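Student: I would like to go through the salt bridges of this model and check each label against its definition.
Tutor: Then let us begin with the structure itself.

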Amino acid sequence: MAQKSRKTKGAGPDGVVYPRSSGVKVIIVGLGYSGAAAAVECHRKGHDVVVYEQFPGITQLGDIIGITGNAAQVVAKWGNGSVHRELEPILSSWQANNIRRYDTGDILYSQPMVGYNAGTGYTAPRGPMAIILANHLKDLGVPVHFGKRIQDYFETEDEAGVVVEGQRITADCVIACDGVHSKARSFVVGIDDRPYPTGYATYRAWFDADEAKKDEKLSWMFEGDSDKMETYIGQDMHCILGTCSGMKGVVWNITHKDEYDNVAESWSFPGKREDVLGYVQGWNERIRDVVMATPKSQLVDYKLAWRDPLPKWVSNHARIILIGDSAHPFLPTSAQGAGQAIEDGATIAICLELAGKADVPLALCTCEKLRYARASLAQQIGKETREIWHKTDWEQAKKNPQSLSMPLPDWLFGHDPQRYAYEEFDAAASSIKHGTEYTPTNVPPPGQNHRVYDFKVDKASQWLKGTTKLRASL
């Protein structure tokens, strides 16, 4: 139910309304995590949704992806908890991330995985998790057109649309979720804003653990009752490896200096094991053992592209909005890319609900106002963590080991994006209408340190308890 303290009507954070009852027609471009979240949440809030995805289907390749509790609480509601139950068997059960010195393997800091692991978040192989989310859209009856590349975007004061295979398709608005290589981005910003190389690339792999369990060199990975996560840090490189999904899978990634300066339109390539072995010479033998056990077909080489922060996410007539990586690409060291993408998707659905068909431009501008500062600050954390890992001051690390970990701030992990959107919509919308300043409260106050560790596990479990109640009522 909607909060009584809020003047604007709406279904509320847990509310679902009759399909297509709002009268708002939405085109979503891209079926990554932001696109899936926007599509499901727009459907739940009564909007008429259609999705276009340029790839022919969802790939199983990659490593793992984390949806921390701030966003997992959104997904946990889908299908009265049915999506949560489908995800449970593939979720990882890490207790700690052991951050180690690259060569000796000595543990520098053991970071608790609160907010990421099963029970406090969703972290799982990215392919299987993406398939579950896409299948939920199918169950909802949301049209998803695969293999459809967007040729162009357009808008007027009254509508927006895309050109697909020469056909102009219109709607009340377009939500562009087409990733770091977003075509919509140049339309919205007004310049050819191409991505540029970060100077780094990452090898990623995930494979079934059955064969790995037979390898004596990998026996350490399957000891105990929980998944393992080990992070090795060194000059200009780090490696994360371990198990996932209750030791059903082996996963690893290595982020390293990239020798290539260009960022091609296709930014992922089959990886070569011999190339990886060259990078890890002099690093701990456990890394080499895992690489050698990896099936060649499961290794992918990703170029880490970057885009500078945008001056805006919304087009001139406010009928097209960028969300997810289209608006704010994240580095893997943030562990928030998927989480912030889902927060974006949930927020735009609510803003469209509250503004209504008569004021779609206000909805898009309000969403940007609610999300811009938060996503930008979360994005910054990834760059900071990478710099700490790749340029480690070993003496300082001994004095303050926690400085090596990814921060665990309550402002980030303890946030409820849906409740915030309902509570703050009126204030943010009013600031747009009257040209006044809006001060977001989903980020730390100015001058307060954003890299803190004040998040508590009991807060992370609130959404899980709600899912348990849903399950009991079925």
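Predicted model: local features only at pLDDT ≥ 70, side-chain atom pairs only at ≥ 80, totals over all residues.

Student: What makes the contact of E41 and R44 a salt bridge?
Tutor: The term requires a side-chain nitrogen of Lys or Arg within 4 Å of a carboxyl oxygen of Asp or Glu. For E41 and R44 the N to O distance is 3.7 Å, so the pair meets that limit. R44 is buried as well, because its relative accessible area is 8%.

Student: Where do E41 and R44 lie relative to each other in the helix?
Tutor: They are three residues apart in helix α1 (residues 33-44), which means a separation of about one helical turn. Helices here are DSSP runs (H or I, at least four residues), strands are E runs of at least two, and both are numbered from the N terminus.

Student: How do you know that K148 and E165 form a salt bridge?
Tutor: Their side chains come to 3.0 Å, N to O. The pair links distant parts of the chain, 17 residues apart: K148 is in the loop between β7 (144-146) and β8 (150-155), and E165 is in the loop between β9 (160-164) and β10 (167-171).

Student: Which class of accessibility does each of the two fall in?
Tutor: K148, at 24%, is partly exposed, whereas E165, at 57%, is exposed.

Student: What is the closest N and O distance between D172 and K357?
Tutor: It is 2.8 Å, and the two form a salt bridge. D172 sits in the loop between β10 and β11 (173-176), and K357 in the loop between α8 (337-355) and α9 (360-390), 185 residues apart. D172 is buried at 8%, while K357 is partly exposed at 43%.

Student: How many salt bridges does the whole structure have?
Tutor: The search finds 17. D236, R386, E387 and K391 are linked in a network of them.

Key. Residues numbered from 1 in each chain as written. Heavy atoms only, no water. Buried < 20%, exposed > 50% of the residue type's maximum accessible area, 1.4 Å probe, protein only.
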